[in-house]
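Here is a quick tour of how one fold is put together.

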Amino acid sequence: MKIDGFLRHEECLFWHNYCKYAVENDSIEVGLKVNNKDMVRVDRKYYTIYQRFHWMNEVLALARKNFQEDLYFQKRWFGQIMHYCEPGQGLEWHAEGRISTVSVSINITPDVEYEGAHFQIKDQEIEVPYMSAIFYNSSAMHRVTPLVKGDKKSLVMWLPCKEQLQRGNK
């Protein structure tokens, strides 16, 4: 499910600028496991959002309604900002089915400020322009193509079901 104009320009600008003041999260908790190999750090900057904001309630309500799942926020955080700032940075094909039931990605960077770094879901044609949100099943294979130039930031949320939280999802 894609929603164009999900966040207003001012909201995107707030989150885009948030990275200037936030501490980068370089822990392995933001690692990526590909093809059942060991967890590796990702090749982008990562900022964790530990506070809940009002618009996040709308994200949760929309995800619950459209995916017919009893979803929750993560135990310790509410979202992540992924920051691609060096040419070649991207994200290989992967899925988050182990940690989440529904994932949400919101493009918080104006399209004219970057080339590449496009979000893709395998076997689907989608575009996620500035201010838009994509809600998708977390078990769907997806990636971010390598950044060609500029600077791109996306706000990502992982919404697990109760069983995932009970399994000790951190």
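## The helix and its buried face

In α2, the buried residues are Trp-55, Met-56, Val-59, Leu-60 and Ala-63; buried means under 20% relative accessible area and exposed over 50%, with partly exposed in between (1.4 Å probe, protein chains only). Looking down the axis of α2, these buried residues fall within an arc of 150°, so they line one face of the helix. That arc is taken from the directions from the helix axis to the C-beta atoms. On the other side of α2, His-54 and Lys-65 are exposed.

A word on provenance: this is a predicted model, where local features need pLDDT of at least 70, side-chain atom pairs count only at pLDDT 80 or more, and totals for chains, interfaces and linings use all residues. Residues are numbered from 1 along each chain as its sequence is written, and side-chain values use heavy atoms, leaving out hydrogens and water.

Helices (H or I, at least four residues) and strands (E, at least two) are DSSP runs, numbered from the N terminus. Just after α2, Gln-68 takes a positive phi of about 50°.

## What sits on top

The cover over the buried residues of α2 includes α1 (9-21), β2 (45-49), β5, β8 (133-137) and β11 (152-159). Contact here means heavy atoms within 4.5 Å.

The largest nonpolar core has 26 residues, and Trp-55, Ile-106 and Leu-155 have the most contacts inside it. A nonpolar core is a set of buried Ala, Val, Leu, Ile, Met, Phe, Trp, Tyr and Cys residues joined through side-chain atoms within 4.5 Å. α2 gives the most to this core, with five residues. Apart from it lies another core, of 18 residues, among them Ile-121, Tyr-136, Val-156 and Trp-158.

## Strands β5 and β8

How many bridges pair β5 with β8? There are five, in the antiparallel sense; strands pair if DSSP finds at least two bridges between them. Val-102, for one, has Asn-137 in β8 as its bridge partner. β8 also runs antiparallel to strand β1 (residues 2-3), joined by two bridges, and Lys-2 stands opposite Ile-134 in β8. Four of the five residues of β8 are buried.

Ser-105 lies in β5 (residues 102-107). Is Ser-105 buried or exposed? Ser-105 counts as buried because its relative accessibility is 6%. Setting aside residues up to four places away in sequence, Ser-105 touches Val-128, Ser-132, Ala-133, Ile-134, Tyr-136, Ser-154, Leu-155 and Val-156.
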